[in-house]
Structure formats: structure tokens, C-alpha cells
Amino acid sequence: MAAQTPGRGGVYLDYQSAKPVDPRVVEAMAPYFTERFGNPASLHGVGDDATATLDSARAKVAASIGALPEEIVFTSGATESSNLALLGYANRNRRAGDHILISEVDHISIHNIGKMLEKAGFRVGKVPPDQFGRIDPEKVRKRITPETILVSVGWASNEIGTVQPMAEIGEVVAGTGATLHSDAVAAQGQLPIDVSRTGVGMLTLSSNDIYGPQGVGALYIRNGVKVAPVAFGGGQEDGLRSGTENLAGIVGMAAAAEIMSRELPADAARMAALRDRLVREVLAAIPDAHLNGHPTERLPGNAHFRFEGVEGESLLLLMREEGISVATGSACSSKTLEPSHTLISCGLLHEEAHGSLEFTFGRWSKDSDVDSVLAVLPGIVDKLRRMSPLYNKH
Ligand code: PMP
């Protein structure tokens, strides 16, 4: 682990929304803003250097997930990767069928791409989870028809942390004509991901989720899986993603991927220990508190609670006053008043979904962060409950 702790102080437990870039990654990127700024398309030596750098970065990112270099397309991030995966694949394979399956607990980006696919004439089905947010492979099997060309299930929930049985879902899809895509963003850096051991044909990756810079991502496309581009221009990335490559960003993603591969077991173990302590002590200290998501099949860095009779937003604001940054759910949906679609799919009522708070740990999280939460959270919940018309157990 890097000695220096990034950040401006305070207690940061919202690693799922944004992560600091690892100082070692910043160091690896630095020369590519100034000395080694070339364009891989240029035919001179500076361009050759950029091409070699791009090739080497592609190989590193590929190695981190057990893929081949030619199976990696660099993008501007997870959202673009998933657009290329779902829209690009659907457009290219339309003649094979018009049915696509996504999961009810997937990230909003997948849901909104699903709406675009429906507008384009595809039929999009959603597989519901169980109460813990898990997708049963049998439910996937039952919904696959001869017209199903694509199944997309996120590897893990960025909100409630539930991890999906990807290998089993891969086996179900492998027996059909469909391709399996997974948004692996929430799982990256927390769970080992090896595409050669699962049946995924496409995988969405993000750089920031492994402590690389924002605005860079990649899509793994297994050899033989056919995808059409969704943006057009100079034909970079084998024609699949036009636009001059963000070389410094890509170098950063590759450096982050290398560090992740080395440090994942230790990172995951440290996060799991913090998570387990937080869950144990919060549930013991606060009455009528519940853990959302799966009790065991969950990301090492995720603890997601529901507190009866209080609103997540009020909790977040009072935690903020104490210098503790947490989330009520997905940052991508935090400015809407809608309850989380993930929690509603798990069977929670609207008011229950609104009473949730998400803690996510990362590479620099420490025991004292948990101490800080435990020192204030029980009092904050109690204070809010005393004012709440929804809570009458005092
Ligand atoms: N998928 C998941 C699971 C996410 O958590 C996020 C947000 N970090 C995204 C996709 C979208 O990522 P980005 O905004 O970087 O494109």
C-alpha cells in the first residue's frame, strides 16, 4: 500500500462514488502529459513511442482480467463501455434476434441503455432479484428465448454490494445463442475477475474504480463476439471507438490494473475486516437497524444499512456535519427524489428504501474511520427518531 494517504482529511467512506488516484498511478502518468505526449496515429518517433505505450497499457489491462490484448477497447469510462457493449452488440446482431435481458438491480446506465434499445425496436426484459439482490441463474434460464441475443448482469451491485453468481449465470447463457455482458465496475479491485473462467463475452471496466484517473475505461470483447461502433470518426481502437486515445489516462488505468492485481488479496481482506466490524457494531448499537443486500455474498468494501423511522438524507447531512462522508445510494441517482430502484426490486417499501445509508471502504480506509462512525451514528439515529413521526418505539 502507498504510504501517503490521499484526500483532504475527514472520514471518507464513499469509495464507491469516487476514489482517489493512487499516488503511484499519478507518478506513472506524469511523463505522458509533458515529455511523452504523442499521438499513436502519428508516423514519427514521438508517435511510435505513443503506440508502444498504448500496446503495453493494453497488455497490462488485459492481463489483469485474464484477457488477450486485442480483446480490450479503451473508452472514456464505464458508461461509454456499456453503451458500446449493449447498443453496439444489439445493432450488429439484430438479425439473430431482438430480445435482450438485463437485471433489475443493474446500474442506472444499463437501465437507460435498455430504454434506448426499446426505442430502437428491441424487446428488453428485466430479471428480478431475490430479497438480497441476488439474481438466480435459473430465473435467467427461464427468460431466455430463441430470440435472446444478449444477457447483461452486473457483477456486483454498486449500491447494496451483493455479488452475483457470475460463473453460474455464464454457464446458463453459454448453452444458448446469446452473449453475456457484465458491468464489473463495482466488483473491480474487490473480487478477482478472470474472464477466462467465466462465460462473459463482454465486460465493462472503469479506471477510477481501481484507483486510476476518472474519464477512462475499457470494454473487454471476447474474440469472435461481434460489435458495431456507436461513435464514428478516425477509426481508432480497431474502428470500435474513434477519437484520439487519452494516452496519459490509459497509462494510469494500466498502472492501476497492475497494482490491483498485486494488492487485491490484501486490499480485500483489509476492507472485509473493516466492513465486518462496522456491520457487527452498528447492528449491536442501534435498535431496528438492518443490513441491506446479501449477508455473505457481498463486496468486501460495502456495508449498506436501513434504519427504521429515519431518512437517509437526514442521516447523511448530520454525518457530514461530523466530517464523515457517506452516501444514501448510487451517486449517479443521488439528485433524484426517487427511491433506489435496487432496494425497491429487493422488496423494500418506499419509506424503507429512503431510510438507507451506504458505507464503502477502499485502499486507505482504516480502523479509526469505523471508530469515528460508531462514535456518532447511534446518537444521530436516536436524535432523528425522536423527531420522526414514523418512529414510535421510544
Ligand atoms: N456502473 C457502475 C456499477 C457504477 O457504479 C458506475 C458509476 N461509478 C457506472 C457504471 C458509471 O461509471 P462512469 O460514470 O464512470 O461512466
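In the side chain of Thr79, an N or O atom lies 2.6 Å from an oxygen atom of the ligand, a polar contact in the sense of a pair of N or O atoms within 3.5 Å. The model is predicted, with local features needing pLDDT of at least 70 and side-chain atom pairs counting only at pLDDT 80 or more, while totals for chains, interfaces and linings use all residues. Residues are numbered from 1 along each chain as its sequence is written, and side-chain values use heavy atoms, with hydrogens and water left out.

Ala78 contributes through its backbone, where an N or O atom is 3.4 Å from a ligand oxygen atom. The protein buries 81% of the 400 Å² that the ligand exposes when taken alone (accessible areas by the Shrake-Rupley method with a 1.4 Å probe).

The ligand is surrounded by 9 residues, and the closest include His107 and Asn158; a residue is near if one of its heavy atoms lies within 4 Å. This shell comprises 3 nonpolar, 5 polar and 1 charged residues, where Ala, Val, Leu, Ile, Met, Phe, Trp, Tyr, Cys and Pro count as nonpolar, Asp, Glu, Lys and Arg as charged, and the others, Gly among them, as polar.

Turning to the helices, the axes of H3 (residues 78-92) and H4 (residues 108-119) come within 10 Å and cross at roughly 30°. Axes are lines fitted to C-alpha atoms over the stretch in contact, with angles from 0 to 180 degrees between N-to-C directions; helices are DSSP runs (H or I) of at least four residues, numbered from the N terminus. H3 and H4 are therefore roughly parallel to each other, the term for angles under 35 degrees.

Key
Polar contact = N/O pair within 3.5 Å; in protein donor to acceptor, adjacent residues only side chain to side chain. Helix = DSSP H or I, 4+ residues; strand = E, 2+ residues; numbered from the N terminus. Parallel < 35°, antiparallel > 145°, perpendicular 65-115°, else oblique.
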